[in-house]
2 protein chains.
Amino acid sequence: MKGISEKVYLELAAPTEEDSRSDQQRILDGLKEAGFPAAFAPAVLRRLYPLCEQAGWKLTASLAWDGAVWQVVELEDGDTRQRHYGLAVDLGSTTVVTRLIHCGTGQCLGEVSRYNGQIAYGTDILTRIFACKDQPQVREQIRQATVDTIRENLRELEEKTGVAGSDCIQMTVAGNATMIHFLLGLDAFCVFSTPYAVHVDRPGFLPGAQLGIPVKGYVFCFPCRSNYLGGDIVSGTLATGFYRREGICAFFDIGTNGELVLGNRDFLLCGAGAAGPALEGGSVKTGMRAVEGAVDRVGWQNGDLQVHVLGEGAARGICGSGIVDLLAVLFLHGWMDLKGRLNPGKSPRIQKREDSWAVEYAPGLFFDQEDIEEFVKTKAAAYTMVEYVLRESGISLEELETFYVAGAFGKHVDKESAIAIGLYPDLDRDRLVSAGNASLEGASQLLLDRSLLEDLDGILERMIYIQFGAVEDFLHIMIAAQAIPHTDLDRFPTVKKRLEEIRAEEAAGTPSGFSDPVPGPLLSGL
Amino acid sequence: MKGISEKVYLELAAPTEEDSRSDQQRILDGLKEAGFPAAFAPAVLRRLYPLCEQAGWKLTASLAWDGAVWQVVELEDGDTRQRHYGLAVDLGSTTVVTRLIHCGTGQCLGEVSRYNGQIAYGTDILTRIFACKDQPQVREQIRQATVDTIRENLRELEEKTGVAGSDCIQMTVAGNATMIHFLLGLDAFCVFSTPYAVHVDRPGFLPGAQLGIPVKGYVFCFPCRSNYLGGDIVSGTLATGFYRREGICAFFDIGTNGELVLGNRDFLLCGAGAAGPALEGGSVKTGMRAVEGAVDRVGWQNGDLQVHVLGEGAARGICGSGIVDLLAVLFLHGWMDLKGRLNPGKSPRIQKREDSWAVEYAPGLFFDQEDIEEFVKTKAAAYTMVEYVLRESGISLEELETFYVAGAFGKHVDKESAIAIGLYPDLDRDRLVSAGNASLEGASQLLLDRSLLEDLDGILERMIYIQFGAVEDFLHIMIAAQAIPHTDLDRFPTVKKRLEEIRAEEAAGTPSGFSDPVPGPLLSGL
């Protein structure tokens with residue numbers, strides 16, 4: 001492992017009158033000999049005495065890379081190389097995930113997550129940004145809430161593993177531009193306002209102590225490419241590694257915002273845009289997060305909807321993966337047409353609620369026409385990004401080696417359902433790969449491999465960013481994508497075939513079962 | 001001025017949708033163009049907004065060299081290059097002198113000094129060292145007292161000039177090894193105990209905030225060559241500049257300890273040793289610091305002693321420069337022989353006090369045989385350093401281009417008197433030069449000229465340190481030097497000549513006046 005921290009064990013000769021080099025110099029000479037020219041952080045100078053003597057000059061130095069040189073940030077008695085830890089953080093606007101990594105072996109020792117404490121200042125990012133705009137004291141509170149969330153994760157990790165944050169040398173943080181601005185105590189209004197020039201895009205290595213993070217060394221925040229293309233995406237690009245391969249891949253991260261990176265080792269074309277909260281269950285009346293009581297899967301059995309509820313109890317609402325399934329089933333079985341209109345004749349579940357038709361997907365829980373429209377607009381925005389970037393680059397779907405879908409969406413949403421409603425493009429299922437928490441993955445990799453710092457520079461240099469807002473026919477393309485799966489059904493040949501099969505089965509009176517392969521257990525949804 | 005800080009004025013284009021670089025990148029690009037690739041300190045990132053907009057992108061960046069890269073440590077609205085300040089500190093064990101320097105013009109804007117607050121923990125260094133040995137809380141108190149002394153100097157400078165410490169970018173500190181250990185909160189017992197390996201000898205650039213010093217950037221502590229050859233001497237060597245000249249010079253700093261550097265651009269031989277407190281008026285019964293009431297000059301008029309008292313009032317004691325004069329006069333006029341024994345027949349001023357002869361140099365104030373012995377031992381130790389290093393290097397007195405005497409001693413002690421008693425070697429008076437506060441001077445120069453950082457490396461590399469303790473015949477040489485001026489009077493030809501003249505005058509009945517040229521006004525002594 002050649003990461004951004006090192007633990008170097010030294011067995012040094014004790015000072016004599018003939019060799020009365022200073023303790024500092026003796027250690028630096030030892031480190032230099034081991035291949036690590038370094039400097040001393042002031043706090044560590046105070047550890048030299050009485051440690052060096054007590055340890056009989058058998059010491060382990062903890063080195064943290066500060067972006068320019070190695071800094072000695074800790075000295076310990078004896079050989080402590082097996083206690084070499086680092087932290088990787090995925091700083092999401094909703095959830096903050098923290099991973100404790102053994103930097104000697106690369107092993108993940110623990111991973112915890114919790115809601116971002118910023119939520120107290122607004123569930124969506126814009127509310128938070130407005131809350132602290134020109135309110136330095138609120139900005140400071142939001143900064144503190146961010147740091148506190150990370151620190152709570154560290155405490156939980158310590159309870160689980162016995163390793164405290166202060167036992168770790170470095171921390172890497174991947175987050176979007178707003179999250180990083182908040183972590184650093186900066187105003188983030190710039191992220192969402194013209195001309196979209198953020199305050200800081202390459203924070204680099206910042207001393208943990210100055211950020212309130214109890215690591216010995218530095219907090220490395222992933223650089224962002226532009227306002228909407230943050231360090232989380234850059235980290236994800238790093239993690240999936242297609243930026244150094246020949247085959248062209250797409251990396252798609254979809255949530256409240258959608259971000260797409262398309263390319264290979266020669267080029268990286270990217271874009272980002274608001275998708276809307278609908279994909280995550282927000283702005284849907286009975287939408288909820290993927291917690292107990294959420295419908296996270298919807299299938300089809302015996303001519304009717306079949307739902308799965310997280311926790312196996314009564315349904316209280318529906319989460320993102322459930323919505324995608326629900327819409328797919330409604331569409332494939334003709335309960336909803338390609339314009340998203342419910343077909344009341346198809347089932348007694350479709351009922352008139354106030355002025356609008358709605359489907360009762362679980363006892364007393366309805367998904368109505370407005371919910372559908374909201375969701376369709378959102379999926380259209382997401383899909384349009386993909387289509388536009390492909391078109392701009394002159395790359396066809398067939399040429400894509402892999403289409404990575406990042407995050408919880410990629411992990412929990414059923415591929416077939418997502419394709420059926422036109423959220424994902426219709427491509428071979430084995431080329432449609434969940435990248436998992438790629439942001440966290442990239443942060444973890446960087447801890448362990450400092451050569452990736454150069455890769456990061458290369459990625460940022462190559463990334464060409466398309467401002468969708470400035471694209472003339474973007475709206476036009478998006479409107480075409482507001483059908484299910486798309487105005488042009490030929491773009492979704494497998495969906496077209498499926499529809500034909502279902503129609504044929506229905507005509508033959510043999511109702512189709514819900515046969516889509518479900519990746520992984522049905523226990524957790526989005 | 002190409003110092004260790006820079007202020008760079010930037011007129012940048014405001015962000016547009018076409019050029020939406022981050023504020024951070026915009027400034028770093030501007031700095032790079034101006035020749036200063038730099039990094040941002042986290043605290044300054046928080047200043048970007050709303051400053052950049054408010055300033056219409058006309059900004060001044062303060063850059064501090066951190067030993068590896070330039071750090072942006074401040075951003076200001078408009079062109080503030082004319083407010084570019086730095087601080088130089090001579091961190092003495094008795095006195096701490098601080099100079100405020102305009103780093104644009106090199107002008108000294110103010111200089112203040114005060115007693116080192118460490119004195120509360122012992123007037124001599126050893127007492128302080130023992131006070132905090134293995135007493136971390138006392139060590140912390142001494143560290144705080146050191147920092148407080150510097151901060152009080154900064155407050156006084158602010159009152160005088162309107163420029164606060166926090167308006168300054170960098171601070172340079174020259175002090176001996178113990179002083180630097182105390183400033184950094186380190187145990188300093190190592191300085192005086194075998195094997196004389198100090199904890200830290202190259203502190204380098206440490207963030208001011210981490211030391212409790214309110215500069216924007218860093219505190220650079222001069223490196224020390226060895227336990228007894230501290231940053232003050234290294235700084236003095238830098239200031240006098242003989243290390244880069246062809247002519248061979250000696251740099252002699254004398255106080256409680258004596259340090260000597262001899263050499264030129266090719267070699268630097270150095271040594272250090274305890275001289276004893278006698279030279280500064282300590283360990284002499286009526287000795288005192290050079291304050292009001294101290295006899296600071298002693299001359300000869302009408303066959304008798306003639307004293308000058310600081311403040312022109314009644315004498316309360318005698319300071320270093322007065323003692324050197326007194327002994328010179330006593331010796332030259334036969335009141336004391338070359339072994340330092342008072343000659344009672346010479347004057348009614350020489351009286352029996354308890355068991356010992358003593359001279360009443362001022363009403364009711366006596367300098368006795370024990371005081372003389374103490375002082376002679378001390379001056380012998382100092383002289384022996386010079387003789388030994390000259391002998392070791394094979395350099396004769398005649399070959400010395402300049403013999404620099406640093407510090408208050410060099411400034412206030414009369415050359416003729418110092419030669420007469422054998423404290424300084426007997427060489428041409430125009431080659432015997434007071435170097436003033438060379439330690440402070442070197443610290444000031446470094447603020448203004450970063451190329452001296454390389455010179456420092458060169459100086460340290462070339463310095464060959466002689467451990468006098470390990471020299472076999474050191475004691476032997478020293479005993480020879482315990483006569484006045486020396487056992488071998490031929491080493492002091494001008495003193496020999498002077499004695500002959502005085503004897504001749506006395507024989508002729510024409511008493512000699514005190515005719516030694518006194519450098520500078522008679523107002524301040526040592």
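Residues are numbered from 1 along each chain as its sequence is written, while chains are lettered from A and ligands numbered from 1 in the order in which they are written. Because the model is predicted, local features need pLDDT of at least 70 and side-chain atom pairs count only at pLDDT 80 or more, whereas totals for chains, interfaces and linings use all residues; side-chain values use heavy atoms, with hydrogens and water left out.

The meeting of the two chains comes next. Contact (heavy atoms within 4.5 Å) involves 40 residues of chain A and 40 residues of chain B. Of the interface residues of chain A, 100% are also interface residues in chain B, so the copies meet through the same surface. The buried area, that is, the accessible area (1.4 Å probe) that two parts lose on being put together, summed over both, is about 3,300 Å², and carbon and sulfur atoms give 54% of it. Arg46(A), Tyr49(A) and His199(A) supply 21% of what chain A buries against chain B, more than any other three residues.

Which elements give two or more residues to the side of chain A that touches chain B? They are helices H1 (23-33), H2 (42-45), H3 (48-54), H5 (136-161) and H8 (208-211), together with strand E9 (204-207). Here helices (H or I, at least four residues) and strands (E, at least two) are DSSP runs, numbered from the N terminus.

Over all chains, however, the search of the whole structure finds 70 salt bridges. One of them joins the side chains of Arg139(A) and Asp187(A), at 4.0 Å from N to O. Arg139(A) belongs to helix H5 and Asp187(A) to the loop between helix H6 (177-183) and helix H7 (189-192), so the pair ties together parts that are 48 residues apart in sequence.

Rings of Phe, Tyr and Trp (its six-membered ring) pair if their centres lie within 6.5 Å; planes under 30 degrees apart count as stacked, over 60 as edge-to-face and the rest as tilted. The whole structure holds 24 such pairs over all chains. Among them, Phe242(A) and Tyr404(A) are stacked, with 6.2 Å from centre to centre and 25 degrees between the planes.

Finally, the backbone has some features to look up. A cis peptide bond joins Ile484(A) and Pro485(A), with omega about -10 degrees, and Pro485(A) sits in the loop between helix H16 (474-480) and helix H17 (493-507) of chain A. Trp57(A), a residue other than glycine, has a positive phi near 65 degrees.
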